[in-house]
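I opened this entry to record what I looked up, step by step. The structure comes first, my notes after.

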Amino acid sequence: MHLGILTGGGDAPGLNAVIRAVVYRAVAGGHSVTGFQRGWKGVIENISRPLGIEDVRDIQKQGGTILHSSRTNPFKIENGLGMIAATLSSHAVDCLIAVGGEDTLGVASRLSASGTRVLGVPKTIDNDLNATDYTFGFDTAINSVTESLDRLETTARSHERVIVVEIMGRHAGWMALHGGIAGGAHVILLPEEPFDTDEICALLKRRFDEGRRWALVAVAEGASDPGLSRQIMHSSEPDAFGHVQLGTGIGIAEVLAGEIEQRSGLETRHVILGHLQRGGPPSAFDRVLGTRLGVKVVEMAEEGATGRMASLRGGEIVSVDLAEAVGTLRTVPPDRYAMAKLFFG
Ligand code: F6P
């Protein structure tokens, strides 16, 4: 059997562990692998390289993806599907493995419905994919958020300031929630629940008045106060999947920090953690999860599966329908946010 593999969307620590595991398991089963570069772009434009054991040895330790990534959407490119079919047939690919989040796997799901043999592996630091308990990349990213909050705490304490920390998460606040709980943020703001800046100011003032004269506010980049008058300036161009491109202009942390300082009189700074959250070596958890998923997806290919995804469910790696994973995002449920609120202030 000849397998193709691509990595699409924002990179996530653990991608290289998947690629390595796919190649090792494929070779052990007597199969060969072609790596398509830059996500769907590589399949459309036929940019690829053969992957053997020496190409992937030890790469589970490295962040990013040796195959590079892009946010190319084949359904937005004229004859995109025809070009994909031509490339896969020129390489005699029996089954394509797409490693990605909602967008990349959404394409995989549609492709499989149109007859191409595709399997998926879930990836995203945002942890917002359905049909899997966790995605790899998330653990590394929240450890990075936690370490950042630990570092910001000492300087906030020293200067008796508020620091507003912007954390990735456009539509789902998992990273702000878990990073904020672990790093002891005094307020956590998520895209799922619009907030009121006056309420945040009252909470912070109470905290300072009670003698705890410093505070960390963890805000997901997609969180918003509908009443804020100052504009949040993002790129006016949505990406190929129609998402607003956050992190390209003035973000919520900068706007909120200004509002807090103005309304409460508390000295306030802001920090955007940005791509620091996505970079660097994967945690042990993400290396192992990526490895298990990579091995499983090759087994699924051997069984003749298509339109399915390797997934973490209750500690086991299982095969689920790709369609279950895409279409809607897994957002933070209200009761989970209510639990986090116990620790506010
Ligand atoms: O989807 C993962 C993610 O890291 C989001 O949390 C973030 O909003 C986005 O990617 C950033 O994308 P880019 O790397 O294109 O700026």
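Into which domains is the protein divided? I was working from a predicted model. I found domain 1 (2–137 + 282–327) and domain 2 (140–279). I then looked up their centres, which lie 33 Å apart over C-alpha atoms.

**Domain contact.** I checked who takes part. Domain 1 brings 18 residues to the contact and domain 2 brings 14 residues. I noted a buried area of about 1500 Å² between the two domains. Carbon and sulfur atoms give 53% of that area. On the domain 1 side, R71, D103 and I125 supply 38% of what domain 1 buries against domain 2, more than any other three residues.

**Polar links.** I counted one salt bridge between domain 1 and domain 2. I also looked at R278 and D11, which form a salt bridge with their closest N and O atoms 2.8 Å apart. I sorted the domain 1 side that touches domain 2: five residues are nonpolar, six polar and seven charged.

**Ligand.** Which residues surround the ligand? I listed R71, I125, D126, M168, G169, R170, E221, H275 and R278. Next I checked distances to ligand oxygen atoms. A polar side-chain atom of R71 lies 2.8 Å from one. For H275, a side-chain N or O atom is 2.9 Å from a ligand oxygen. For R278, a side-chain N or O atom is 2.9 Å from a ligand oxygen. Last, I looked up burial: the ligand taken alone exposes 400 Å², and the protein buries 80% of that.

Terms used. Residues are numbered from 1 along each chain as its sequence is written. This is a predicted model: local features need pLDDT of at least 70, side-chain atom pairs count only at pLDDT 80 or more; totals for chains, interfaces and linings use all residues. Side-chain values use heavy atoms; hydrogens and water are left out. Domain bounds come from an automatic or database domain assignment. Contact means heavy atoms within 4.5 Å. Buried area is the accessible area (1.4 Å probe) that two parts lose on being put together, summed over both. A salt bridge is a side-chain nitrogen of Lys or Arg within 4 Å of a carboxyl oxygen of Asp or Glu. Ala, Val, Leu, Ile, Met, Phe, Trp, Tyr, Cys and Pro count as nonpolar, Asp, Glu, Lys and Arg as charged, and the others, Gly among them, as polar. A residue is near a molecule or strand if one of its heavy atoms lies within 4 Å of it. A polar contact is a pair of N or O atoms within 3.5 Å; within protein, one must be able to donate a hydrogen and the other to accept it, and residues adjacent in sequence count only if both atoms are side-chain atoms. Accessible areas come from the Shrake-Rupley method with a 1.4 Å probe; for residues, only the protein chains shown count as cover.
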